[in-house]
Structure formats: C-alpha cells, structure tokens
Number of protein chains: 2
Amino acid sequence: MNTKTSSAPSSRTKVRRIAELANYEKESLYGIIDEAYFCHIAFSDGENTHCIPTACWRIENYLYIHGSNGGRLTKKLLTGAQTSIGITHIDGLVLARSAFSHTMNYRSAVIYGVFEEVKGNSEKMHALDSFMEKIAAGRKNEARPGNEKELAATSVLRISLEEAATKISNTHPSDKEEDIDLPVWAGVLPLKIRRETPLPYENKNIPTPEYVKNWANA
Amino acid sequence: MNTKTSSAPSSRTKVRRIAELANYEKESLYGIIDEAYFCHIAFSDGENTHCIPTACWRIENYLYIHGSNGGRLTKKLLTGAQTSIGITHIDGLVLARSAFSHTMNYRSAVIYGVFEEVKGNSEKMHALDSFMEKIAAGRKNEARPGNEKELAATSVLRISLEEAATKISNTHPSDKEEDIDLPVWAGVLPLKIRRETPLPYENKNIPTPEYVKNWANA
C-alpha cells in the first residue's frame, strides 16, 4: 500500500483553495478518520442531494458505516450512488489583527467513491467488533454479542479510502506587513474535543472497566 | 415567524430513521447552528457530488458562509445548485449491555435549499461583522476592518433555514428486558468541545481583551 501519495489521487480530490494546505498522505487521512466518531455523507438519490451524518470507523484502507436494513441512507448508498464524505475537526479560531485575516485551524478529510456491502456474518461481525474496539478497547469481550437476528437486521457498508484528500491548517495569525503593528490582540483560541467524566447507569456491583476509568482526560 | 413547527417542512426533511428523535422547531435548529463554527455542504456540480466543509454562522433565519470570489465552492453554489447542509455535534458514547444496543448522543441539523449571494457592501459588511461577533464579541470594533478591495474579493452567501430538520439523541443506555441484568457496565462516555487556554501571538503591550480572558472554560 502506498502511504506516501504526494499528489491528488484524482481530479475531484485535488484541493484548489489554499492548495499548500492539501495533503494526500494516508497517515493524515487515517489520523483524521480515527479521531472521528461520525462523518457526513453526501449523495444524490436522483432527485435531491443529501448530507447525512452517520457513525463511522476505519479498518485498513476502508471507511465503514452501519445501519438498519430498512434505513434510507444504507439503502440509497447500496444503489451504487457516488458519494462524497466529509470529516472535519476544528482546532481553534485564529485571531489576526485585521478582520479579513482571521481564519481557523482545522483538519478535514474528503473522500470520494461508492459504498459496497460487507456480506457474510463473520465479515460483518469482524467489522462491527472493530467499531466496538474503537469506542472502548476490550468491550467486545464483555458486552452481549449480537445474535443472528440482530446481525441480519444490520447492514454494514464500506468505502475505499483510495480517493481522498485532507486539508490541515495549524497556524498562528498571519497579517499583512502593514497590519502587524496595529494595537490589536492576536493569537489562537484553541478548541478541543474533551472526554468528560463517565456517567454510570444502573450498575449493580459491576466493576468499572479500565476503559471507563481511563476515559476522562479533562 | 413560526418558531414552533412540529411537522417536517418538506418531504426531504422528514426524518425517517428513529423518527421520534426528530425535531422541527426553530429553537433546536438555531441552537445547533449557533454552537457550530463550520458545516458540511453537499452539492452536485452536474458531474460529481461533493461534501465540503466551510465556516458558517447564522443571522435570523439564514445560514451564512463566505469565501474567496475565486473559490470553487462559492462559485458552484451560486449557479443555483440544490444543496444539503449537515451540522452535527457529538455529546457522548452510550454503552449498553448488549453490543447492538450501543448508540451515541448527538445533535444534528440538516438543511435543504439554494444559496443566494449577499450583495451590496453594507449588507456584506453587516454579515461579516456578525461572523466576527460570533467568534469574539466586541472584536469587530478592534480589528482593522476590511477595506473595499478585501470586501470586493470576498463572496458572502446565505441560505434560508425554512427547510430544515434536527435530530437530537440525549439518552442513557437502553437495553432489551432480557439484557438488563447482564454483568456488563452501562453508562455514557461524554464528549464535549472545550475552549482551551488562548495562545497569544506577538502582542507587544497589548492588553488582553475580555473575550480572550473569558475564553477558556476547561
């Protein structure tokens, strides 16, 4: 697998706007996906274009989603609709001395392609186990596993990460020469997704798992 | 303005999946937008469907975005492309006793419509001032304002919030009757966007503004 793609894998993944922030390396893409619990999926149903959020996770070079068999999103995606998937993390507001030089720090990924169905019970279970592992390492050995009926009612879909681009902005304020000495505070107001104190629910004599004890980082 | 719409404003905003979580009230929609610094915009350019992140803010019943005149996104949106916009906040991972009852807490909004251009320098400045006010209240009176050249190089677009739906999940674990007594820890692992300590950049004798002093809530 080529993990050092320095050019856009296709015309539609070529970043045009502030192109020097573009990055086509797999490490950046994987990092952005692995930190995300959800993505937004854009697709057309022939009549309308939609932008629908759904949970996601990654195994190797594929992004996975799941849903009820009866769900509109998974049904539409399985018709072979071309999709585009957006995942964005915001890291801060960049306050420059001039209004128009304000910007944001962020990491975003856009993926293009077509979803395929993950078939076969063991393949589906493997994929769903990976999702559980992402949510809480080790929990797949504790929670009651899905039975055949639950598995049959669930669709698992995946899309290749071959055609994707990331854009990363991690900067301090950058003002024009003539604005640098203006008496205006400049700096970054950082934002970060934090894990807050777990909220146990009706646990009678059940020891707290390590992944719960270690959850909060606030 | 009707702020209490209890039914879907259109067929395409009607939430099908777990419909009891759907909410068509303006207060929910406004709250989700006002907490967000960016959105994902889905649109088709006739050839491909795209899902592009961009900064956003709200004034009354419109969502605003801005961009360079030369930018692909704003140019495409101004061709009258039907768009769908997704904004999602994740609030926690909900760990149930059975694997298939795991879920997430979130607040999401999906908006449908067509963008229009905000024309006229005073209208554009008013919109951009509102964006600055969202980022840092009062800063529009401190930062060097945009000049005519900067303003002319910037497109401001807005889309009506009339056709939108929100979906909000704020729940504790919910297991099937037969799973409730399983010896598996249940609860919520909360996630929250936190404001971290500001990072000043080359401020010589410039007093720290109140909105910077009050930024961090960690």
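In what order do the 4 strands of the open sheet in chain B lie? In this predicted model, the order is β4-β5-β9-β8, and the pairing is antiparallel. Strands β4 (57-59) and β8 (116-117) of chain B stand at the edges; each has a single partner strand, so one side of each is left without a neighbour in the sheet. Helix α3 of chain B, residues 121-135, packs on this sheet and touches β4, β5 and β9 of chain B. The direction of helix α3 makes about 120 degrees with that of β4(B).

Within the sheet of chain B, strand β5 (residues 62-68) pairs with strand β9 (residues 154-160) in the antiparallel sense, over 7 bridges.

Chain A may be followed strand by strand. Strand β4 (residues 57-59) of chain A is joined to strand β5 (residues 62-68) of chain A by 3 bridges in the antiparallel sense. A:I59 has A:Y62 in β5(A) as its bridge partner. The two strands β4(A) and β5(A) form a hairpin with 2 residues between them, and in the turn A:E60 has a positive phi of about 50 degrees. Strand β5(A) also pairs with strand β9 (residues 154-160) of chain A, again in the antiparallel sense and over 7 bridges. Here A:H66 stands opposite A:V156 in β9(A).

A:D179 is found in the loop between β10 (164-169) and β11 (187-195) of chain A.

Chain A has 5 helices and 12 strands, and its C-alpha atoms fill a box of roughly 70 × 50 × 35 Å along the principal axes. Of its 218 residues, 51% count as buried. Among contacts in chain A with a separation of 6 or more, 71% are between residues 24 or more positions apart. The accessible surface of chain A comes to about 10,100 Å², and carbon and sulfur atoms account for 49% of that area. Chain A carries 27 positive and 27 negative charges, whose mean positions are 4 Å apart.

Key
Residues are numbered from 1 along each chain as its sequence is written. Chains are lettered from A and ligands numbered from 1 in the order in which they are written. This is a predicted model: local features need pLDDT of at least 70, side-chain atom pairs count only at pLDDT 80 or more; totals for chains, interfaces and linings use all residues. Side-chain values use heavy atoms; hydrogens and water are left out. Two strands pair if DSSP finds at least two bridges between them. Contact means heavy atoms within 4.5 Å. Axes are lines fitted to C-alpha atoms, for helices over the stretch in contact, and angles run from 0 to 180 degrees between N-to-C directions. Buried means under 20% relative accessible area, exposed over 50%, partly exposed in between (1.4 Å probe, protein chains only). Accessible areas come from the Shrake-Rupley method with a 1.4 Å probe; for residues, only the protein chains shown count as cover. Lys and Arg count as positive and Asp and Glu as negative; His and the chain ends are not counted. The place of a charge is taken as NZ of Lys, CZ of Arg, CG of Asp or CD of Glu.
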